[in-house]
2 protein chains.
Amino acid sequence: MKKILILGAGRSSSSLIEYLLEEAKKHDYEVTVADTLLESAEQKTKKNPYARPILLDITDEVKTHAEIQRADLVISMLPAFLHPAIAKQCVKLKKHMVTASYVSQEMKDLNEEAKKARIILMNEAGLDPGIDHASAMKIIHQIKAKGGKLTAFKSFTGGLIAPESDDNPWGYKFTWNPRNVVLAGQGAARYIENGKYAFIPYHKLFTRTEKIRFDELGDFEGYANRDSLSYRSVYEIEDIPTLLRGTLRKAGYCEAWNVFVQLGMTDDTYTIPESEKLTVKELVESFLPHAEGDVKNRLAGYLGIHLEGEIMEKLEWLGLFDDTKLNVKNASPALLLQTLLESKWSLKVNDIDMIVMQHQFEYDINGTPHKLLSSLIVKGDDNIHTAMAKTVGLPVGIITKLILEDKIKLKGVQTPTVEEIYEPLLKELETLGIRFKEKEG
Amino acid sequence: MKKILILGAGRSSSSLIEYLLEEAKKHDYEVTVADTLLESAEQKTKKNPYARPILLDITDEVKTHAEIQRADLVISMLPAFLHPAIAKQCVKLKKHMVTASYVSQEMKDLNEEAKKARIILMNEAGLDPGIDHASAMKIIHQIKAKGGKLTAFKSFTGGLIAPESDDNPWGYKFTWNPRNVVLAGQGAARYIENGKYAFIPYHKLFTRTEKIRFDELGDFEGYANRDSLSYRSVYEIEDIPTLLRGTLRKAGYCEAWNVFVQLGMTDDTYTIPESEKLTVKELVESFLPHAEGDVKNRLAGYLGIHLEGEIMEKLEWLGLFDDTKLNVKNASPALLLQTLLESKWSLKVNDIDMIVMQHQFEYDINGTPHKLLSSLIVKGDDNIHTAMAKTVGLPVGIITKLILEDKIKLKGVQTPTVEEIYEPLLKELETLGIRFKEKEG
């Protein structure tokens with residue numbers, strides 16, 4: 001009987017745990033679900049006979065050590081900064097490990113030891129990073145196999161609200177960490193276009209978007225992620241003239257979000273004195289040049305926004321000119337904005353989320369240019385089996401099974417950029433409804 | 001015979017050393033000038049009989065200790081981060097200390113010990129901070145003594161080129177640390193206006209300037225410094241409705257500088273790959289949206305700049321669209337910009353610098369509003385006795401003398417915000433040509 005230890009039974013673990021309990025029936029796994037709240041672990045495992053919910057605080061080193069010792073494979077759904085400590089124990093105790101987080105330098109440094117211990121330290125096994133790498137590499141390898149030369153690769157991902165639950169003018173609700181959404185894009189974006197490096201400072205980022213179309217869903221817009229350049233080596237396309245990774249929002253979102261950026265309301269580097277006393281309108285006013293008159297009119301004049309346009313409609317819908325107090329002490333502008341947004345952009349019980357991803361390839365074969373679009377749309381089933389939980393949890397679960405069933409024999413620090421991993425992963429994801437649609441031209 | 005130890009014989013020490021050697025004749029001082037380059041110390045002291053130039057590396061703890069032990073008062077003209085270590089030794093050895101730098105928390109923490117040792121740790125004894133505090137506090141105390149209530153205080157300072165040496169369209173050359181000029185203003189500016197907190201993000205800072213007039217010199221513009229709010233307690237004006245400190249540039253500078261801010265060229269947080277290969281024009285292009293066509297036209301279109309206007313004239317004068325290589329490896333955008341500017345904005349041998357400062361007060365007496373302007377203009381005598389060297393060095397020298405002559409009896413950590421210091425300081429500065437002009441209304 002193979003034993004799996006899952007650390008962390010948070011929201012994003014639900015689909016992962018269900019998948020592995022289903023597989024446990026077929027392969028006779030024991031699935032230990034460990035959380036600092038026993039109730040959480042019990043709720044997620046529903047008295048399943050293959051499940052073993054336990055209380056575990058990973059600062060309890062003795063118990064953590066004993067649980068890792070007991071397992072064949074450890075899945076860490078904990079915050080990424082905790083992974084290296086777990087990975088070190090896995091190497092020492094010769095246990096496989098799977099995470100959905102980016103490979104850190106500390107993780108990379110364990111590569112040789114992990115190989116010696118004959119174990120795999122599998123990272124980036126979720127959605128982004130995860131499914132993005134797998135699906136991109138599969139096509140990159142196919143193009144190369146046909147003798148094609150890649151000239152451009154752009155890839156965009158977004159965690160959004162499904163159209164059926166989209167009932168506000170922003171086309172957005174928080175389906176993911178609100179703080180990360182407020183701070184998204186800070187620091188300069190760096191990419192390469194037509195062989196030239198390109199840089200976008202944060203205050204220009206949301207004005208320099210690309211229109212991205214999904215046939216089934218309509219228009220979205222993508223803004224550049226901070227670091228696209230390092231993916232030249234990740235995807236083994238060092239000489240590609242154009243490479244950009246970006247984030248998707250519903251069309252119209254970025255020009256309205258840019259208002260907060262221009263005002264300075266996404267700044268998290270200082271606290272506002274007496275922030276608990278401010279109303280939303282006063283907060284906005286503190287970023288405007290001093291003048292008499294209506295705050296809405298002054299904002300419109302300062303940033304050149306039409307009073308009756310779509311941007312202003314979005315801002316008014318948020319209550320940006322209301323006398324509501326935000327009531328947060330020692331808050332940064334970003335935290336006050338987050339507080340406002342959380343009161344407006346929270347999911348309702350029956351809301352359905354959605355993941356959208358699109359890869360755009362351009363390549364030449366024998367001098368003939370080709371284009372290929374590969375698009376993924378995944379909607380949540382309900383508020384437990386969200387699109388986010390499925391697209392992060394299912395690849396982690398599938399890869400875990402592939403390792404335990406010896407279908408993935410690789411050792412050391414790995415990501416799903418290699419055929420031995422992406423091929424069976426993408427195949428099984430398709431059977432679970434996570435399927436890319438390709439389109440030429 | 002009183003013994004003074006000056007640590008650091010850099011450019012800003014010249015006027016200080018000359019002043020103290022002049023006073024040495026009258027008061028019989030020994031002035032030890034210590035530098036890591038003996039030649040520097042010797043050049044600055046010109047075989048003056050009261051001078052003792054020495055070689056001293058302050059990492060040599062034994063020798064440094066011996067020199068502090070030998071002195072009655074230590075002046076540190078070293079970089080500010082080195083002051084606390086020197087101050088601790090001064091406290092231990094019961095020696096007075098004077099610096100022109102802001103009081104750090106580490107320095108503050110020595111207050112009680114310094115009082116016990118019966119010594120003064122005198123800080124902020126230069127221009128800004130220094131003369132600004134002294135001159136502002138004198139007027140604030142005068143207004144309070146008349147029963148006035150301060151309603152607004154704005155204060156602006158600039159280190160600039162004198163009109164007679166101003167031969168470029170920017171009205172600017174580097175008279176001070178170029179790196180600090182390139183990075184100036186980063187981080188949000190925070191102040192208070194009409195009783196309301198106000199915040200300006202960096203990317204709006206150079207568009208939100210105030211016009212500042214000096215009768216003798218014409219128009220300047222001031223942009224807000226990062227922190228004005230803390231001066232409410234420094235100046236004991238906690239309830240003032242309007243308080244702003246800012247930096248002065250020649251009129252027209254800020255709208256042109258804003259081009260670099262908008263492009264992202266002042267960013268020092270990342271390095272540009274293969275930066276040594278870039279020409280100036282290619283550097284500019286890397287911040288523009290991808291398109292065909294002339295870089296100058298694209299820049300003008302992107303930022304809405306007139307092709308024949310004053311902003312473009314300034315940019316062209318800098319050679320911003322030239323094919324000149326910058327030749328700096330692993331450079332940030334800010335470092336590349338600095339490299340370009342240093343090739344254009346360097347002082348010529350006979351260039352004269354200039355310090356401008358203006359305090360603007362508004363106050364009520366018995367319900368009647370009053371206004372008061374207090375302005376300072378100091379020009380350099382030559383390229384040694386620069387305005388910067390005089391306005392930083394002379395107050396340090398004067399305060400040093402006042403301490404040694406027991407005219408300043410205060411102990412502990414001090415700044416020139418108290419009458420016992422600012423009164424004799426401003427009086428002697430006037431005799432040396434550093435004199436504020438006041439104007440009512």
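Which helices do the buried residues of helix 13 of chain A pack against? Before I answer, some conventions. This is a predicted model, in which local features need pLDDT of at least 70, side-chain atom pairs count only at pLDDT 80 or more, and totals for chains, interfaces and linings use all residues. Residues are numbered from 1 along each chain as its sequence is written, chains are lettered from A and ligands numbered from 1 in the order in which they are written, and side-chain values use heavy atoms, with hydrogens and water left out.

Let me turn to the helix. Helices (H or I, at least four residues) and strands (E, at least two) are DSSP runs, numbered from the N terminus. In helix 13 of chain A, residues 295-303, the buried residues are V295(A), K296(A), R298(A), L299(A), A300(A) and Y302(A). Buried means under 20% relative accessible area, with a 1.4 Å probe and protein chains only. These residues pack against helix 11 (253-263), helix 12 (280-285) and helix 14 (310-317) of chain A, together with helix 9 (202-205) of chain B. Just after the helix, G304(A) has a positive phi of about 70 degrees.

Next, the two chains together. A rotation of 180 degrees, with 0.0 Å of shift along its axis, superposes chain B on chain A with an RMSD of 0.0 Å. The copies are thus related as by a two-fold rotation axis. In chain B, the C-alpha nearest that axis belongs to H203(B), at 3.4 Å. The superposition is by least squares on the C-alpha atoms of residues with pLDDT of at least 70 in both copies.

How many residues of chain B are in contact with chain A? There are 30, and they touch 30 residues of chain A; contact means heavy atoms within 4.5 Å. Moreover, 100% of the interface residues of chain B are also interface residues in chain A, so the copies meet through the same surface. Two salt bridges are counted between the chains, a salt bridge being a side-chain nitrogen of Lys or Arg within 4 Å of a carboxyl oxygen of Asp or Glu. E285(B) forms one with K196(A), where the closest N and O atoms are 3.4 Å apart. Strand 9 of chain B gives the largest share of the side that touches chain A, namely four residues.

Notes:
Buried means under 20% relative accessible area, exposed over 50%, partly exposed in between (1.4 Å probe, protein chains only).
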